[in-house]
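Subject: Handover of a structure

Dear colleague,

Please find the structure below. A summary of the findings follows it.

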Amino acid sequence: MFEEVGTTTEGDLMINVGPQHPSTHGVLHLVITLRGETIIKVEPHLGYIHRSIEKMCESLSYRQFIYVTSRMDYLSSHINNHGCALCVEKGLQIEIPERAKVIRVLMDELTRLASHQLWWGAMAMDVGALTPFFHAFRERETINEIMEETCGARLTMNYMVPGGVMYDLHPNFQKRVKDFITLFKSKIDEYDEMVTGNVIFQNRMKDVGFISKEDAISYGCTGPTARASDVSCDIRKLFPYEVYDKLDFHEITATDGDCFARYMVRVQEMRQSLSIVEQLIDIIPEGDFQAKTKAVLKLPKGEFYSRVETARGEFGVYIISEGGTTPYRIKFRSPGFSNLSALDHMARGHKIGDLVAIMGTLDLVIPDIDR
Amino acid sequence: MFSLESITNSIHTWLNNTFNPTLALIFEFVIVGISVITLFAVLGLILVFMERKVSAYMQIRLGPNRVGFKGILQTLADTLKLAVKEGLTPDGADKFLFNLAPFVVMIVAMLILAPIPFAKGFQIWDINIGVLYVSAVSSVSVIGILMAGWASNNKYSLLGAMRSGAQIVSYELSAGLSIISIVVLTGSLQISQIVASQENGWWIFKGHIPAIISFVIFIIAVTAETNRAPFDLAEAESELTAGFHTEYSGMKFALFFLAEYVNIFIVCSIGAILFLGGWMPLHIGSWQGFNHVMDYIPSSVWFFAKVFFLIFVIMWFRWTFPRLRIDQLLNLEWKYLLPISMVNLLLMTLIAIMGWHF
């Protein structure tokens, strides 16, 4: 398939990057072939943390299986839960209360912000600047505290259940989120000053890891990775769920398709998420936070699919039900897996230092890839 | 002006009066040797601690604050930890070269300490080609690094060593040219004379434009030569995990680590000597009163203040900048720094000949 560039010759160096390597952001194993410092081929090897989550879900009830998905893309656990809850609700044809919808969107966007903040710090760390990582964590901590107060967890939230959300918001929620908005508005400008404007950083990112619009589509890339190549794929815009169709926000796209474009898309998405949170925080409707559902859920016989936009791209949940209390078959479509498949295409011909930068802009979360 | 010269002189006289000249010389060698090793250890402790505090300050963290007052004994604890760790030699490594490499790097760092004047008249060896000696000896350390990387039997180490070779050899050119530009101004290679020539003002002020250009080039080049960020490609932890010293543990690693910090101290001292007057107090032309007041501050304080200021600048780089890529690094040197420093050397020569400096 890739004969011309991918062929190895004698004298080429084969290096194992990972499964324990600081830049693979988890247990990812890449076998790379180098000629000098130039990458000839990258082969991702998966399977080090495979937990067969989809198989596990088949023995769990429709209320239980959502918890497992928090452990997949642990930086977008709210959004993963959201996708599963949506799919079950679709099967049961439940209409959830307005308040729950707004809370869900608020939580989703806060999660996206926290995820992008972590990514931003890790991205800078990948190209050798350690300091931004700590600065990003300082702001992320405020979101984590909000989450901890409302959901009782900081990372694997399990807050969304079929029919709405599990508990009502904490009384401090609105005040804390407003404080966060004021804080983060100044900090995101600081982010730009510290990293985006840096000459070394721009030189490391521009014209590196290019992927064209056609290739991005054919590799199945989604999320900021595809949007940086001018693919319009924001599920929140294309197939709006909850209250996204009533909100005023933009789908961020870029045309360059290189690492810097992917970087800029994510940074601008942070501003968009912040604006969504700002729009919703004052208009959380009163009412129930959960629709009335039965204690044991039974989906009618059939196939159901729902999708949401996580911080990394499209997350799809596909349930085949035989009418019982547990799903007959579940398949998750996780964004990281398809994005990772384009890594080899992006990295060929670049230097080994660029591989790290490209992996950084793909925003890999390994349990999301290796379910 | 208070100086340490009297101490060194009295020791020298006492030794010569008590023993025959050969024995006195041997005793002096021993004293100097012990002092250098002590200085090596003390500098390592101080600089590692300083690095942590500076990085903590930049990264809104606290830094070490438990062991001793404000964590000041932290590096001692680290040393203890490194000392009791097992020094592994990987299977399949070239054992002799693998074990030799850290010593080569360390001995080179110790050798360059020789011509550095720590205070007025407090210098191990005032050789008449001091600057040349420093540039010549400092380039030997790359052999140690290449040795370490090649002998480790590890591909990451090999890549790191190759990068380091390309990097150090290239950046030595710019560093050398900017050193020569000051030699052109002074007209001497002897470090004591270079310091003495700055009695009525430091070269960075007296040599104005070309001196500032060479100072900037010098700082960039020596940052690269000491493998410090943003030029830390030899160890590049996000790409090569640790580069040339991946396989080193315990004291063998500590020797590389110590040598790196002492090298920073050395290059910053050279920078301070050439551009900021070494131990020379801040003197301004013919302002007798002002110059006299400045003389009250001991020369060693001047020297260490300047050196540690430059060290702080280099640490500041490390905790702010992302890392360059290897081709960008070489481009910067060969396409920008080297041509600029060559032109700058011509400019400097012109200024020296025409006497356009202060």
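Is B:Gly149 buried or exposed? B:Gly149 is buried, because its relative accessible area is 0% (buried means under 20%, exposed over 50%, partly exposed in between, with a 1.4 Å probe and protein chains only).

This is a predicted model, in which local features need pLDDT of at least 70 and side-chain atom pairs count only at pLDDT 80 or more, while totals for chains, interfaces and linings use all residues. Residues are numbered from 1 along each chain as its sequence is written, chains are lettered from A and ligands numbered from 1 in the order in which they are written, and side-chain values use heavy atoms, without hydrogens and water.

B:Gly149 belongs to helix H6 (residues 141–151) of chain B; helices are DSSP runs of H or I with at least four residues, numbered from the N terminus. Apart from neighbours within four places in sequence, B:Gly149 has contacts (heavy atoms within 4.5 Å) with residues including B:Asn154, B:Leu158 and B:Phe244.

Leaving aside neighbours within four places in sequence, A:Phe332 is in contact with A:Phe65, A:Met72 and A:Arg371, among others.

Yours sincerely

Methods
Helices (H or I, at least four residues) and strands (E, at least two) are DSSP runs, numbered from the N terminus.
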